[in-house]
Amino acid sequence: MISQFQESLHLTARTFQSEMLDTTFEDVLEHIDSGIMLFDEEGVLSFVNKQMYGMLDLPRSSLVGCTMSHLLAHVQLSRFKKKLVLRIYRETVYKGKPSYEYVDEFGRYWRVTLSSGEQLKGSYLFTVKEISDYKLIEQTAYQNDNLAMLGKLSASIAHEIRNPLTAIRGFIQLLRPHLHQLGKEEYARIILAEIDRANDIIHEFLTSSKPSVPQVGMISVSALLKEVVLLTESEALMKGCQINLHQLQNDLIISVDVKQVKQVVLNMIKNAMEAITDRIDSDMGRIEIGARREGAEVRIFISDNGKGMDILTLDRLFSPFFTTKESGTGLGLSVSDRIIKNHGGCISVSSRLNEGTQFVISLPLIQ
Ligand SMILES: Nc1ncnc2c1ncn2[C@@H]1O[C@H](COP(=O)(O)OP(=O)(O)OP(=O)(O)O)[C@@H](O)[C@H]1O
Ligand SMILES: [Mg+2]
């Protein structure tokens with residue numbers, strides 16, 4: 001009698017325990033960050049958690065008891081989701097792929113995994129998880145890989161370009177006394193400085209993906225901009241654009257790596273010229289360059305009346321390798337952004353499609 005009683009007590013305890021476990025597991029499945037859906041061996045949906053019916057945007061009551069074909073014919077299921085469910089079903093159940101990735105209507109990445117087999121006793125378990133973060137990491141790793149590859153490739157290019165540059169440098173030095181006689185020694189100085197800059201650019205931006213330590217020197221913004229404009233003016237005129245350098249105050253002094261900051265302004269003028277050339281209607285191209293003090297900073301602006309940019313371009317502007325040009329590398333602005341950030345400054349941009357673009361470079365001033 002006692003042992004019978006003990007046995008029934010034992011049984012009650014076990015049932016209670018297993019019910020407890022069931023509810024605990026269900027609770028866990030309900031609150032897990034993935035969507036879960038279980039079809040039994042008859043192909044009937046026997047369990048669906050909150051995440052999953054939320055994703056499908058259908059009430060749970062209308063799902064449990066459905067088969068896959070009922071689900072696909074569900075009147076409340078949107079067209080986009082129907083297509084998606086069908087695609088998932090085809091890729092996993094039909095083609096036997098263990099997982100399938102897709103992008104939803106908001107651009108988020110998801111992975112669906114199908115588990116079946118003996119352990120599930122003929123049932124099919126679908127789990128859906130958002131993987132946007134992993135994708136971002138994957139993309140960054142891929143970009144870093146690209147950068148590393150570019151580093152290797154450019155090392156050999158740099159080596160090849162250096163030789164002719166050295167020869168040009170030597171001959172300019174030989175010509176220097178003659179230019180001096182003609183009163184044009186300034187030209188030789190600019191050519192030599194530009195050759196040195198080309199050498200540095202090759203070394204700094206292409207042979208390594210890391211920016212070098214800036215070689216800081218003091219310069220007035222006015223002198224820096226004048227020199228850059230002198231270098232680009234003739235090319236701009238040939239392309240039908242006029243560069244207008246505004247009157248500048250002489251007390252705007254910055255402490256920067258002059259070559260690097262010149263490179264930034266040059267990149268922007270080059271982009272402006274290209275945007276003007278790409279403009280559909282043929283207005284006279286205008287590039288306005290100026291600078292003004294703003295508290296302890298100087299704001300250098302470069303604006304153009306070129307083709308402007310749409311939101312998607314504006315969004316990715318500073319990403320390495322982002323380009324909309326056939327022969328662009330997409331490195332100009334990403335490198336410029338890094339240079340200005342290294343100098344404790346920032347770049348901002350505003351643009352209107354078919355009207356033009358303005359870049360503003362902010363840099364700390366020497367007080
Ligand atoms: N002033 C501008 N007007 C319109 N679009 C611009 C302007 N400046 C940049 N862009 C857009 O930003 C993209 C990235 O510019 P970035 O200078 O980084 O690379 P790129 O000019 O394409 O290539 P590279 O600089 O190597 O020649 C350009 O492809 C272009 O679509
Ligand atoms: Mg560019």
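This is a predicted model: local features need pLDDT of at least 70, side-chain atom pairs count only at pLDDT 80 or more; totals for chains, interfaces and linings use all residues.
Residues are numbered from 1 along each chain as its sequence is written, chains are lettered from A and ligands numbered from 1 in the order in which they are written, and side-chain values use heavy atoms, with hydrogens and water left out.

View 1. Helix α4 spans residues 79-94; helices (H or I, at least four residues) and strands (E, at least two) are DSSP runs, numbered from the N terminus. Its 16 residues reach 21 Å from the first C-alpha to the last, close to the 22 Å expected at 1.5 Å a residue, where the expected span is 1.5 Å times one less than the number of residues. K81, L84, V85, I88, E91 and T92 of α4 are buried (buried means under 20% relative accessible area, exposed over 50%, partly exposed in between, with a 1.4 Å probe and protein chains only).

View 2. On the face turned away from the buried side, α4 carries the exposed residues R79, K83 and Y94. Just after the helix, G96 takes a positive phi of about 75°.

**View 3. K135 in helix α5.** K135 is found in α5 (residues 132-181) and is buried, with a relative accessible area of 16%. Its side chain is joined to that of E101 by a polar contact of 2.9 Å (a pair of N or O atoms within 3.5 Å; within protein, one must be able to donate a hydrogen and the other to accept it, and residues adjacent in sequence count only if both atoms are side-chain atoms). Leaving aside neighbours within four places in sequence, K135 is in contact, meaning heavy atoms within 4.5 Å, with E101 and Y109.

**View 4. Ligand 1 and its surroundings.** Of the 22 residues around ligand 1, T323, T324, K325, T329 and L333 come nearest, a residue being near if one of its heavy atoms lies within 4 Å. Oxygen atoms of ligand 1 are found 2.4 Å from a side-chain N or O atom of T324, 2.6 Å from one of K325 and 2.9 Å from one of N271. Taken alone, ligand 1 exposes 600 Å², of which the protein buries 95%.

Note on methods
Accessible areas come from the Shrake-Rupley method with a 1.4 Å probe; for residues, only the protein chains shown count as cover.
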